[in-house]
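Subject: A structure for you to explore

Hi there,

Here is the structure I promised to pass on to you. Please open it and keep it beside you while you read my notes below.

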Amino acid sequence: MLKLFYEIKKGVLQTRVYQKEHNKSIAGYLAESLNDIKSSLFLAKQLAKRDIKAQYRQSYLGIVWAFIMPLTTAFVWVFLNGSGTVKLTNTGVPYPLFAFAGTLIWSMLSDAINAPIQNTTAAKSIIAKINFPKEALVVSGIYKLLFNSSVKLLLLLVFLLFYGVGLQLSLLLLPLALLGILLVGTAIGLILTPIGMLYKDVAKLISIGLSLIMYITPVVYVVPKKEGLMKMLMELNPLTPLMVTTRNIAFGNPLEYLHYYLIVLVISIPVFLIGLLFYRISIPIIVERLSA
């Protein structure tokens, strides 16, 4: 059973009064949202623990499910490449390692995009009955992403050692690069969550869209050197620098698309704040209408 904890200062239970405010500025909404994120960290942590335990409690494979999908996807491409069915450009490292690292990073991005809408939809009944900071659901999703990503990161390190690539000093930057992946994914997810709450088709469209976008992102193959449509699409794709730079950090290779990578990260910060503002204003209204 979910337990809600209220903040008590000097032995007095604080009471918060909610009322409609028509003159509140955008900055006011954003400040309240950021303040609620800070105040709901403990609640978010409890929600994340509950969900993680529930996710693996009745599962024989348990935490293994966190990386079965990237392993499966990588195995398919390794088989296609090894059998000659698909001819891929040389990746500079053993292809199984290249494919697994790519699908692993891509799974983190996909999970980050889906996390806000999945967490909010799952907690719709709680939101309708209990008044608590809705941002706790977003933070809870980030906690779960960090947990799953840490497990995947450990497996990636095992693969690096197994294929003789070794542990490079650049690996110290890998956690920061993965945090960038989670930031971009969460920002996109926050923008899509209110629409996804209203229309269930959105979640399905996200899944289909990510499957299609994966083919114009260097997840399991490198960016073509020959000029053409695929090269142009990949280089315009803002997810390309995230994928290439993060994987190069893991392999200790020179950083490609670094400027584009930094631009994407910088842009993702205001997008995240806009998404948070959109989430703050719209979710209570949407849940109220859906529960009516």
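Predicted model: local features only at pLDDT ≥ 70, side-chain atom pairs only at ≥ 80, totals over all residues.

Residues are numbered from 1 along each chain as its sequence is written, and side-chain values use heavy atoms, with hydrogens and water left out.

**The chain as a whole**

Of the 292 residues in the protein chain, 42% are buried. Buried means under 20% relative accessible area, exposed means over 50%, and partly exposed is in between (1.4 Å probe, protein chains only). The chain exposes about 16800 Å², and carbon and sulfur atoms supply 67% of that area; accessible areas come from the Shrake-Rupley method with a 1.4 Å probe, and for residues only the protein chains shown count as cover. Among contacts (heavy atoms within 4.5 Å) with a separation of 6 or more, 73% are between residues 24 or more positions apart.

**The nonpolar cores**

A nonpolar core is a set of buried Ala, Val, Leu, Ile, Met, Phe, Trp, Tyr and Cys residues joined through side-chain atoms within 4.5 Å. The largest one has 46 residues, and Trp106, Leu156, Leu174, Leu242 and Phe251 have the most contacts inside it. Helices H3 (65–82), H4 (95–122), H6, H7 (174–198), H8 (201–213), H10 (239–251) and H11 (258–291) each give two or more residues to this core. Which of them gives the most? It is H4, with 12 residues. A second, separate core has 21 residues, including Ile37, Ala44, Ala123 and Leu276.

Then look at Thr103 in helix H4. Thr103 is buried, because its relative accessible area is 4%. Not counting residues up to four places away in sequence, Thr103 touches Pro70, Thr73, Ala74, Met214, Val219 and Val220.

**Helix H6**

Helix H6 covers residues 135–162, and its 28 residues should span 40 Å at 1.5 Å a residue; the end C-alpha atoms are 41 Å apart, which agrees. The expected span is 1.5 Å times one less than the number of residues. Gly164, which follows H6, has a positive phi, near 75°.

Leu146 is also found in H6, and it counts as partly exposed because its relative accessible area is 36%. Together with Leu173, Leu176 and Leu179, Leu146 makes a nonpolar surface patch of about 360 Å². Patches are made of residues with over 30% relative accessible area and no salt bridge; like charges are joined within 9 Å, and nonpolar side chains (Val, Leu, Ile, Met, Phe, Trp, Tyr) within 5 Å.

**Salt bridges**

A salt bridge is a side-chain nitrogen of Lys or Arg within 4 Å of a carboxyl oxygen of Asp or Glu, and the count by this rule is 7. In one of them, Asp36 pairs with Arg280, with the closest N and O atoms 2.5 Å apart. Asp36 is in helix H1 (residues 26–39) and Arg280 in helix H11, so this pair ties together parts that are 244 residues apart in sequence.

Glu135 also forms a salt bridge with Arg280, the closest N and O atoms being 3.1 Å apart. Because Glu135 lies in helix H6 and Arg280 in helix H11, the pair ties together parts 145 residues apart in sequence. Glu135 and Arg280 are both buried. Salt bridges that share partners join Glu32, Asp36, Glu135 and Arg280 into one network.

**One last residue**

Where is Tyr257 found? Tyr257 is in the loop between H10 and H11. Its phi is positive, near 55°, although Tyr257 is not a glycine. Most residues other than glycine have a negative phi. At 24% relative accessibility, Tyr257 counts as partly exposed.

Enjoy exploring!

Notes
Helix = DSSP H or I, 4+ residues; strand = E, 2+ residues; numbered from the N terminus.
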